[in-house]
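Colleague: Could you walk me through how to read a few features of a model like this one? I would like the general idea and then the case at hand.

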Amino acid sequence: MRKAVKITAAVLCVLMILSLGAGYAVYYTVISAGSSKDILFEAEQNRMDITEDNTDELDTVEVEYEEREIVSHDGLKLHSWMIPQSRDVFVIAVHGYTDNGKVAGMLCGGFYARGYSLLLPDLRGQGESEGDYIGFGWDDRLDILSWIDWLNKEYDDPRIVLYGVSMGASCVLMTSGEKLPSNVKCIISDSAYTSVRDEFAYEARTLMHLPYFPVLSAADMFTRVFAGYSFEEADACRQVAESSTPTLFIHGTEDTFVPFDNMQKLYDACSAKKAYYAAEGSSHCMAQFDNFERYWTEVFDFMDRYLQR
């Protein structure tokens with residue numbers, strides 16, 4: 001009997017050590033800034049097929065970027081690119097996972113053509129902003145609040161639109177649940193996930209065929225220790241339930257990176273005025289590339305309802 005107990009205890013101990021090791025590997029690979037993320041993007045379901053065939057409708061223009069910096073609430077230097085045009089309307093465009101502000105800017109041709117100014121933050125731990133970890137939208141929401149405050153100090157009550165793609169979309173939705181100034185007029189979310197926990201559970205199940213427990217539970221523990229947030233609290237659904245900012249949800253029906261049903265859950269949870277555009281046949285973040293004219297018609301029809309003073 002004692003021998004059986006010892007063997008069981010030893011097996012459990014080994015399993016615990018292996019789970020902790022695997023959990024740390026997930027944290028280091030996915031959350032830690034600076035580690036290679038190639039393994040995630042090499043997966044077939046996570047690829048974005050951008051080719052010349054679906055980019056020829058996007059206008060390519062030479063623009064001069066200006067640079068801005070602020071300090072976050074926890075002392076990090078945060079960097080942003082800026083394309084100043086109108087002093088009256090600013091779009092804060094938030095990039096996706098492992099990208100930077102200039103990449104977000106490449107998706108903002110419609111805003112640029114309308115003469116809107118663009119503020120393109122590098123999220124913490126990415127681009128030229130400081131940080132040891134990727135916030136997946138959660139800590140980043142507070143950084144977006146800081147950029148909003150900066151705009152309001154630098155300019156005379158500009159009308160502000162929050163726009164995000166993928167992780168950036170979840171970031172602006174997480175921001176929506178905070179107390180926003182009245183000059184933040186609306187939010188455009190393209191391909192957002194409901195929560196970090198849901199997205200990680202989906203990726204683990206479909207890529208690695210693993211349940212959430214114990215590996216991702218261990219990764220969550222390391223994220224709490226080293227990054228200071230949990231997968232559970234980084235929840236866009238809970239945030240939009242507290243929102244009063246009009247929000248447009250965009251999502252491709254064939255998205256295999258962040259499944260299409262995420263949009264329905266977010267839309268249902270949102271307590272603000274809202275609309276959605278289901279991009280038929282589009283994969284992750286591809287709605288704009290697949291039908292440029294329809295995409296910007298949906299965006300501007302929505303924005304024009306709420307940009308009035």
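Modeller: Gladly; we will go through strands, cores, cysteines and aromatic rings in turn. This is a predicted model, where local features need pLDDT of at least 70, side-chain atom pairs count only at pLDDT 80 or more, and totals for chains, interfaces and linings use all residues. Residues are numbered from 1 along each chain as its sequence is written, and side-chain values use heavy atoms, with hydrogens and water left out.

Colleague: Let's begin with strands. Which strand pairs with S1, and over how many bridges?

Modeller: In a regular strand the side chains alternate between the two faces of the sheet. Helices (H or I, at least four residues) and strands (E, at least two) are DSSP runs, numbered from the N terminus, and two strands pair if DSSP finds at least two bridges between them. Here S1 (residues 66–71) pairs with S2 in the antiparallel sense, over six bridges.

Colleague: Why is S2 described as largely enclosed?

Modeller: Buried means under 20% relative accessible area, exposed over 50%, and partly exposed in between (1.4 Å probe, protein chains only). S2 (residues 77–83) is largely enclosed by the rest of the structure because six of its seven residues are buried.

Colleague: And the nonpolar core: which residues touch the most other members?

Modeller: In soluble globular proteins, nonpolar side chains tend to be buried together. A nonpolar core is a set of buried Ala, Val, Leu, Ile, Met, Phe, Trp, Tyr and Cys residues joined through side-chain atoms within 4.5 Å. The largest one has 60 residues, and Ile-31, Ile-92, Phe-136, Ile-148 and Leu-162 touch the most other members. Helix H5 (residues 138–154) gives the most to this core, with seven residues. A second, separate core of 35 residues includes Leu-107, Cys-108, Phe-300 and Leu-307.

Colleague: How many disulfides does a search of the whole structure find?

Modeller: A disulfide is a covalent bond between the sulfur atoms of two cysteines. The criterion is a pair of cysteine sulfur atoms within 2.5 Å, and the search finds zero. Take Cys-270: the closest cysteine sulfur, in Cys-237, is 9.9 Å from its own, too far for a bond. Cys-270 counts as buried at 4% relative accessibility, and Cys-171 is buried as well, at 0%.

Colleague: Last topic, rings. How many aromatic pairs does the structure hold?

Modeller: A pair of aromatic rings is described by the distance of the centres and the angle of the planes. Rings of Phe, Tyr and Trp (its six-membered ring) pair if their centres lie within 6.5 Å; planes under 30 degrees apart count as stacked, over 60 as edge-to-face and the rest as tilted. The structure holds 23 such pairs. Among them is the tilted pair of Tyr-24 and Tyr-27, at 6.1 Å centre to centre and 40 degrees between the planes. These two tyrosines are separated by about one helical turn because they are three residues apart in helix H1 (residues 2–31). Tyr-24 is partly exposed at 37%, whereas Tyr-27 is buried at 6%.
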